[in-house]
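Please consult the sequence and the structure shown below alongside the text.

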Amino acid sequence: MSRSSPRTASNANLFAALLESFPADRSSTAIETDSGLCYAWQDLDDATAMVANLLESLDLPPGSRVASQVEKSVEAMILYLATLRAGLVYLPLNTAYQQAEMAYFIGDAKPAVVVCTGANFGWISKLAFVSGTRYVFSLNDDRTGTLLDRAAQCRRQHAVAQCAANDLAAIIYTSGTTGRSKGAMLSHGNLLSNAQVLQKAWGWRTPEQGGDVLVHALPIFHVHGLFVAIHGALLNGSKMIWLNKFAPKTTLRLLEGATVFMGVPTLYVRLLGEAGLSRDAVRSMRLFISGSAPLLIETFTDWQERTGHTILERYGMSETIMLTSNPYWAADGERIGGTVGPALPGVQLRVVADDGKAVPVGEIGGIQVKGPGVFQGYWNMPEKTAEEFTPDGFFKTGDVGRLDARGYVTIVGRSKDLIISGGYNVYPAEIEGYINEMPGVAESAVVGVPDADFGEVGVAVVIAKPGVSLAPDAIVAALKARIANFKVPKRCEVVAELPRNAMGKVQKNLLRAQYAAG
Ligand code: MLC
Ligand code: AMP
């Protein structure tokens, strides 16, 4: 029997549901890492209890945020689970973020606790204390740091904190189309309901049903790796094979013996680049899932040819978790390349024209959604939240697409000016802001162009002030010194003028076409 308190009908804490799903045999393996570490289910229970006890000992007000900017590791996942367990709010931050980005997130979210790598402790703790953070711990990807040192002194028994379904579980920052990044507030109910829907939709097999083994190769500071993958495996009592960083050769080796894999399209493109990828290499697999960015039809068909597997593409967002999915079960229909499948059970999805009216089947419009996964609003931004919802409660995704007669959704573009590069979102307005601040720059436009590896990459087109000569390489280098690496345009062009329409607006479509050819 579990040493932790059992889940009660009245406790909507997501962690309680995950804990309840741990297999009866707690000595069996929950996680195996590519570096040879092994964690039993009991270890996960003990470690999350100890970190939760540490967090509770800090006596923080309800709803306190625990921000974490640490390299991927099983311990980083334990920190996430322990935050849920303690009833606090988890705020994961990409390790690529630099000082200006971190200052904004910490200043906006005002976390009570910040966890960072030992290497960044100096500058992050300074930022955090200025913003009123009370505790800063370190956590490294080699199981060292003050967080684990302190947790080691805490008890292994912990009663899962009581939560209501609407209580916040996490805040996920999405970059802003203009200006400030927005923190999407997700509740325990949002996360649990989505995990339960996916468990069924993707045919997860419990240990009693033969079990599943998930290869986890995605970062854990965004929805895909943190929620879709981890909740999927834990809610099902399934083992994870864990890579701290995606590497195609290692991943291919680890797929042997696994059953489920989740990736952004770049991961599939890179795996296809491996000569060893074959039907035989993935013979134990039952399901490959792709999302976070459009999967090219060539990738979809190449994968089918090389492995005999049809990738299941699904669609979601930080604000909504998963919204649509191609079918898993043949009885529910085919998996159709280039589409993201029909709305998941419980999700209402409609495609509307600019006047807000639903367009006929097959016509293109804005995608709006409603459902149990849809977030509670943007942190500290009630006006922005109100703007993104229709009067009848649908969330405006900013994605543009169409529905077919069977209800399958095809995403054809975005109304938001957004580049998705290797599954990471980059907002041109943010990058243009940094470029425009540089000495000698009059103006800039950042656009996304197709890229074989990342799907899409940024190109910066820059105009110099009169009499100034700008070096494109220097602009790229200056950006690299200030912002997350994945946001830095892969190319920079200094030009005399930008194409504009009659209203004087920069015609980004023309720039995209001009620079698409590389
Ligand atoms: C790294 N770089 C990127 C990049 N990742 N540039 C653009 N886009 C990216 N995604 C930079 C590096 O900093 C480096 O810069 C250069 O590009 C080459 O790096 P690399 O070594 O090839 O990159 P790597 O470290 O291997 O990372 C690639 C990757 C990674 C694809 C493995 O980006 C990744 O894990 N992406 C997954 C993102 C993800 O999980 N998204 C889910 C969001 S949730 P330099 O200058 O040093 O050469 C969501 C909702 C939903 O969207 O529906 O799921
Ligand atoms: P994020 O803000 O990181 O959660 O990214 C969400 C965005 O990723 C969505 O609004 C879509 O634009 C995009 N996205 C997610 N999944 C897919 C997919 N399968 N195909 C195309 N775009 C996707």
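Predicted model: local features only at pLDDT ≥ 70, side-chain atom pairs only at ≥ 80, totals over all residues.

Which polar backbone atom lies 2.8 Å from a nitrogen atom of ligand 1? That atom belongs to Ser 421.

**Ligand 1**

- The shell around ligand 1 comprises 23 residues, the closest being Lys 245, Ser 292, Arg 314, Lys 480 and Lys 490.
- Arg 314 places a polar side-chain atom 2.7 Å from an oxygen atom of ligand 1.
- The side chain of Lys 480 has an N or O atom 2.8 Å from an oxygen atom of ligand 1.
- On its own, ligand 1 has 1000 Å² of accessible area, of which the protein covers 76%.
- Elements that each supply at least two residues of this shell are α8 (223-235), α10 (265-272) and β13 (312-317); the largest share, three residues, comes from α10.
- By class, nine residues of the shell around ligand 1 are nonpolar, nine are polar and five are charged.

**Ligand 2**

- Around ligand 2 there are 17 residues, and the closest are Arg 314, Ser 318, Asp 399, Lys 416 and Asn 425.
- A polar backbone atom of Ser 318 is 2.6 Å from an oxygen atom of ligand 2.
- Asn 425 contributes a polar side-chain atom that lies 2.8 Å from an oxygen atom of ligand 2.
- For a nitrogen atom of ligand 2, a backbone N or O atom of Ser 292 is found at 3.1 Å.
- The protein covers 91% of the 500 Å² of accessible area that ligand 2 has on its own.
- Two or more residues of this shell come from each of β13 and β18 (409-414), and β13 gives the largest share, five residues.
- The shell around ligand 2 consists of seven nonpolar, five polar and five charged residues.

**The three-stranded sheet**

- Three strands form an open sheet in the order β21-β22-β23, with mixed pairing.
- Because β21 (441-451) and β23 (491-495) stand at the edges with a single partner strand each, one side of each lacks a neighbour in the sheet.
- On average, neighbouring strands of this sheet are turned by 25° against each other, direction ignored.
- β21 and β22 (residues 455-464) run antiparallel and are joined by 10 bridges; Ser 444 has Val 462 in β22 as its bridge partner.
- Helix α13 (residues 428-436) packs on the sheet, touching β21 and β22, and its direction makes about 145° with that of β21.
- Helix α15 (residues 508-516) lies across β21, β22 and β23 and runs at about 60° to β21.

Definitions and conventions. Residues numbered from 1 in each chain as written. Chains lettered and ligands numbered in written order. Heavy atoms only, no water. Near = heavy atom within 4 Å. Polar contact = N/O pair within 3.5 Å; in protein donor to acceptor, adjacent residues only side chain to side chain. Areas by Shrake-Rupley, 256 points an atom, 1.4 Å probe, with all protein chains shown as cover. Helix = DSSP H or I, 4+ residues; strand = E, 2+ residues; numbered from the N terminus. Nonpolar A, V, L, I, M, F, W, Y, C, P; charged D, E, K, R; others polar. Pairing = 2+ DSSP bridges. Axes fitted to C-alpha atoms, helices over the stretch in contact; angles between N-to-C directions. Contact = heavy atoms within 4.5 Å.
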